[in-house]
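Subject: The model, and what turned up in it

Hi,

Here is the structure I promised to pass on.

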Amino acid sequence: MATNEYANDVLVTADWVEDRLDEFKSDDPGHRLVEVDVDTEAYDEEHAPGAVGFNWETQLQDQTRRDILEKEDLEELFGSHGISDDSTIVLYGDNSNWFAAYTYWQLKYYGHDEVYLLDGGREYWLENDYPTTEEDPDFSAAEYDADGPRENIRAYRDDVEKAIERGVPLVDVRSPEEFSGEVLAPPGLQETAQRGGHIPGAQNISWAAVTDDEGKFKSRDELEELYAEKGITGGETTVAYCRIGERSSVAWFALHELLGYEDAVNYDGSWTEWGNLVNAPVETGDAN
């Protein structure tokens, strides 16, 4: 595992994974390594041996409803790739684990306890010359029975409206330009909204602020200080959001899993929902 300094043992190091590659490559579903990206082109070129490749956009979302997978669809996806509900799953991906963190949050929502993130993600694995392959694993199907859902880690539109009324902390992890309303989305990305800006009262704390130059999570002390500077200490519900829920999953992971702030929730509807609502309150301008 990565370290014992965090509230929960939820990170693994690249060395830890490398030492167990035989287990991850085995047809036994006890250990499974999963790479999650916004597309699978990078996975097709090279990936960690034994890693299953999932496309975040087409496989880990309901494309018709723009929602997380239904329980039955998640069971089918994971089971068909040789992953059982008893598997120890290690997730990793690009952009310092944006999409891996989203998948982690979704698995926790459906009650999977033995799930971890590879600290540093895909970039760290490649840049430090850990083993790679072009070979796709061909695992026997396994039975996956999801639990949950655990609604205590998810926020919906109504929850956000109540959070505004009660002055509950909101963490907007997007760029300053998105937060201010100057841009609606990062360049080249399709999911957008009719209006720019941020949810009233939100603090702008970038998702990138929780990781270091190698894409690994900062220490517990550094994370505590980062959020405490904005008045977030874990004493009350904290709502994290971004544009489509993936970057905010990184913040939720830091708050809920690493710092142990049990009342931290992820608003996965995020700005593409809020910025398209009729008569929803919106603020513009730079962060204070």
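This is a predicted model: local features need pLDDT of at least 70, side-chain atom pairs count only at pLDDT 80 or more; totals for chains, interfaces and linings use all residues.

Residues are numbered from 1 along each chain as its sequence is written, and side-chain values use heavy atoms, with hydrogens and water left out.

Domains. The protein chain is assigned domain 1 (11-149) and domain 2 (152-275); the bounds come from an automatic or database domain assignment. Their centres, taken over C-alpha atoms, are 23 Å apart. To the contact between them, domain 1 gives 21 residues and domain 2 gives 26 residues (contact means heavy atoms within 4.5 Å).

The core. The largest nonpolar core has 56 residues. By that I mean buried Ala, Val, Leu, Ile, Met, Phe, Trp, Tyr and Cys residues joined through side-chain atoms within 4.5 Å; buried is under 20% relative accessible area, exposed is over 50%, and partly exposed is in between (1.4 Å probe, protein chains only). Phe54, Phe78, Leu91, Leu117, Phe217, Tyr227 and Phe253 have the most contacts inside it. Elements supplying at least two core residues each include strand S2 (31-37), strand S3 (52-55), helix H6 (94-109) and helix H11 (247-258). Helices (H or I, at least four residues) and strands (E, at least two) are DSSP runs, numbered from the N terminus. H6 provides the largest share of the core, 9 residues. Domain 1 and domain 2 both contribute residues, so the core lies between them.

Helix packing. H10 and H11 pack at an angle of about 115°, with axes 11 Å apart. Axes here are lines fitted to C-alpha atoms, for helices over the stretch in contact, and angles run from 0 to 180 degrees between N-to-C directions. That makes H10 and H11 roughly perpendicular (65 to 115 degrees; under 35 is roughly parallel, over 145 roughly antiparallel, the rest oblique). Arg220, Leu223 and Tyr227 of H10 meet Ala251, Ala254, Leu255 and Leu258 of H11. H6 and H11 also cross, at roughly 60°, and their axes come within 7 Å. On the H6 side the contact includes Trp98, Tyr102 and Trp105, and on the H11 side Val250, Trp252 and Phe253 are among the residues involved.

What about Ala254, buried or exposed? Ala254, in H11, counts as buried because its relative accessibility is 0%. Setting aside neighbours within four places, Ala254 is in contact with Val210, Leu223, Tyr227 and Leu259. Ala254 and Ala7 are 247 residues apart in sequence but 9.9 Å apart in space, C-alpha to C-alpha.

Most residues other than glycine have a negative phi, and most peptide bonds are trans. The bond from Gly148 to Pro149 is cis, with omega near 10°, and Pro149 is in the loop between helix H7 (121-127) and helix H8 (157-166). Ser270 has a positive phi, near 50°; it is in helix H12 (residues 270-274) and counts as buried at 0% relative accessibility. Asn279 has a positive phi too, near 70°, but it is in the segment after H12 and counts as exposed at 75% relative accessibility.

Cheers
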